[in-house]
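Trainee: I would like to learn how to read ring pairs, sheets and packing from a set of coordinates. Could we go through one case together?

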Amino acid sequence: MKKHTIWILVIVMACAFLGLLCIQIFYMKNNLQIRYEQFSQGVRQSLLSVAIHLEQDETRHYLEDEVNRVESQSIYAQRFGNLPQQEGVKYSFSTASGLEADLTIKGDMNEISKLQSGGSIVSRSVRSMQSMYHDHYLYQKGMLDDVILNIMTTASNRPITQRADSSSVRTYLRQQLDTMGINLPFEFAVVNRNGVVQYRSSGYSPATEDDNLFVQTLFPRDPSTQRYYLKVYFPSTKDYIYHSISFMFPAFAFTLILLVIFVFTIIVAFRQKKLSEMKNDFINNMTHEFKTPISSISLAAQMLNDPAVRKSPTMLQQIANVVNDETKRLRFQVEKVLQMSLYEQQKATLKIEEIDANLTVYNIVNTFKLKVEKYGGHITANLDALNGLVEVDEMHFTNVVFNILDNAVKYRAEDRPLNLTVSSRDLDDERLEITIADNGIGIRRDDLKKIFDKFYRVSTGNRHDVKGFGLGLAYVRKMITEMGGSITAESEFNVGTKFIIILPLSKN
């Protein structure tokens with residue numbers, strides 16, 4: 001798939017996921033707002049009902065006081081006066097606060113009927129009794145007016161703790177909130193118009209006042225200077241609101257999971273595309289590297305078929321040298337390919353043995369000196385380590401040093417002679433440090449972070465004379481790591497590069 005097509009798919013999918021997330025967030029936000037408005041409306045309705053109940057309680061209180069006073073007067077009159085015990089005529093009425101009351105006019109209705117049926121002789125007596133009952137009704141109505149006037153004039157002077165005691169407020173609040181389906185713990189307080197707390201619940205404090213605080217006026221018909229307010233606070237409002245839309249969180253979580261998987265898939269796709277490009281480059285380089293020695297060997301074989309060449313010992317020696325050199329070159333390339341298969345293994349099979357690193361490095365330097373001098377360079381060995389005994393695989397350790405030295409030759413600077421330095425020193429009692437430094441073209445900082453990655457090659461490596469597979473340094477790091485050591489690189493572009501190998505000393 002082309003890179004352009006991948007980017008189009010990425011943009012389309014990203015826009016789709018962002019749109020889905022925005023819709024879910026918008027829907028969740030609207031649901032939260034609706035839930036909170038429903039909750040607030042239910043609380044306000046409950047507080048209004050509490051205020052009405054408290055007003056009814058106060059009206060009932062004054063009615064009971066008035067009834068008790070009238071009953072006391074009636075009992076006194078019956079004991080010390082000549083007011084007869086009479087059955088009553090009941091008149092019903094209702095107050096403005098919604099309370100119903102009964103007014104009884106006492107009299108013997110049977111006697112009234114007899115008097116009415118007695119004719120005109122007793123008509124005056126009937127009218128007199130009716131007048132008495134009418135006056136008694138007016139008297140009772142006047143008493144109710146006195147009760148209402150008493151409520152209007154004296155109720156606001158009563159202490160708020162008597163008009164609305166805390167236990168009644170708490171009970172009414174719990175009942176009304178439960179009726180509205182709001183089963184939440186609450187804290188409340190009653191304050192005056194100046195904000196001074198008259199009484200409060202144990203968990204209420206002014207610091208808790210925020211968006212979850214609701215206020216209701218108590219006895220709103222009282223004078224403004226004597227008004228009190230009921231404040232109610234719900235500590236767990238947010239939990240209640242979010243719990244009501246908890247069904248949306250799994251959908252939101254699944255969308256985020258899909259988004260993460262999508263991002264991961266895109267990263268893997270780009271990584272695989274990069275690896276594919278690297279492998280294609282590897283195949284092209286391998287084809288070029290194999291073509292040259294094979295062509296040389298083929299040409300030498302054709303020359304051997306010539307009888308004149310076979311008769312010349314000098315020509316035979318030259319052809320033999322060419323075949324030998326190209327065979328070595330071909331074998332070296334094959335070993336690099338085998339290094340890739342070894343790199344793919346989770347755990348390399350090593351033949352660990354104790355060797356003298358100083359001696360091994362010295363032999364490698366002497367062998368490599370001819371190749372360096374061929375390009376007009378110079379190689380120096382400063383093996384100052386007093387203890388060079390390490391436990392490594394000698395073959396792979398040798399290949400590691402050869403790979404680093406070979407890269408130094410490949411990436412030499414054209415404007416100055418190659419200068420290679422191989423040194424060793426005692427890092428401490430348990431570790432040996434081997435340093436290989438050159439004065440080549442160096443490595444840029446961005447490339448320096450990736451030089452140990454498989455198939456990675458710096459951009460300057462595309463020149464014809466430095467073709468490679470991008471496996472050498474990946475193999476170097478794997479082998480050093482497998483042998484218990486570490487390798488790092490330091491470089492400055494157009495100045496040179498230094499590789500530092502640290503190996504554990506032999507425990508023996």
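This is a predicted model: local features need pLDDT of at least 70, side-chain atom pairs count only at pLDDT 80 or more; totals for chains, interfaces and linings use all residues.

Trainee: How is a pair of aromatic rings described, and how many aromatic pairs does the structure hold?

Mentor: In general, a pair of aromatic rings is characterised by the distance between the centres together with the angle of the planes. The structure here holds 8 aromatic pairs, and one of them joins Phe39 and Phe214 in an edge-to-face arrangement, with 5.9 Å from centre to centre and 70° between the planes. Phe39 belongs to helix H1 (residues 3–80) whereas Phe214 belongs to strand E5 (residues 213–218), so this pair ties together parts that lie 175 residues apart in sequence.

Trainee: Are Phe39 and Phe214 buried or exposed?

Mentor: Phe39 is buried, its relative accessible area being 3%, and Phe214 also counts as buried, at 5% relative accessibility. Both rings belong to one aromatic cluster, which is formed by Tyr36, Phe39, Phe214 and Phe234.

Trainee: Which charged residues lie over rings, as Arg412 does with Tyr375?

Mentor: Arg412 is placed over the face of Tyr375, at 4.0 Å from the ring centre, and the charged end of Arg444 sits over the ring of Phe493, 4.0 Å from its centre.

Trainee: What is the order of the strands in the open sheet of 4 strands?

Mentor: The order is E4-E3-E6-E5, with antiparallel pairing; strand E4 (197–200) and E5 are the edge strands, each pairing on one side only, and the twist from one strand to the next averages 20°. Within this sheet, strand E3 (residues 187–192) and strand E6 (residues 228–233) run antiparallel and are joined by 6 bridges, and Val191 stands opposite Tyr229 in E6. Helix H5 (residues 166–179) packs on the sheet, where it touches E3, E4 and E6, and its direction makes about 130° with that of E3.

Trainee: How do the side chains of a regular strand relate to the two faces of the sheet, and which residues of strand E9 are on its covered face?

Mentor: The general idea is that side chains in a regular strand alternate between the two faces of the sheet. In strand E9 (residues 389–392), Val390 and Val392 make up the covered face, while Leu389 and Glu391 make up the uncovered one. Strand E7 (residues 353–356) pairs with E9 in the antiparallel sense over 4 bridges, and Glu354 has Glu391 as its bridge partner in E9.

Trainee: What is the pairing in the open sheet formed by 5 strands?

Mentor: The pairing is mixed, and the strand order is E8-E10-E11-E13-E12, with strand E8 (378–383) and strand E12 (486–492) at the edges. Neighbouring strands of this sheet are turned against each other by 10° on average, direction ignored. Helix H10 (residues 357–374) lies across E8, E10 and E11, running at about 170° to E8, whereas helix H13 (residues 472–482) lies across E12 and strand E13 (496–504), at about 140° to E12.

Trainee: Finally, where does Val409 lie, and which residues is Val409 in contact with?

Mentor: Val409 lies in helix H11 (residues 394–410) and is buried, with a relative accessible area of 3%. Leaving aside neighbours within four places in sequence, Val409 is in contact with Phe368, Lys371, Val372, Tyr375 and Leu418. Val409 and Gly440 are 31 residues apart in sequence, yet 8.1 Å apart in space from C-alpha to C-alpha.

Note on methods:
Residues are numbered from 1 along each chain as its sequence is written. Side-chain values use heavy atoms; hydrogens and water are left out. Rings of Phe, Tyr and Trp (its six-membered ring) pair if their centres lie within 6.5 Å; planes under 30 degrees apart count as stacked, over 60 as edge-to-face and the rest as tilted. Helices (H or I, at least four residues) and strands (E, at least two) are DSSP runs, numbered from the N terminus. Buried means under 20% relative accessible area, exposed over 50%, partly exposed in between (1.4 Å probe, protein chains only). A charge sits over a ring if NZ of Lys or CZ of Arg is within 6 Å of the ring centre and within 35 degrees of the ring normal. Two strands pair if DSSP finds at least two bridges between them. Axes are lines fitted to C-alpha atoms, for helices over the stretch in contact, and angles run from 0 to 180 degrees between N-to-C directions. Contact means heavy atoms within 4.5 Å.
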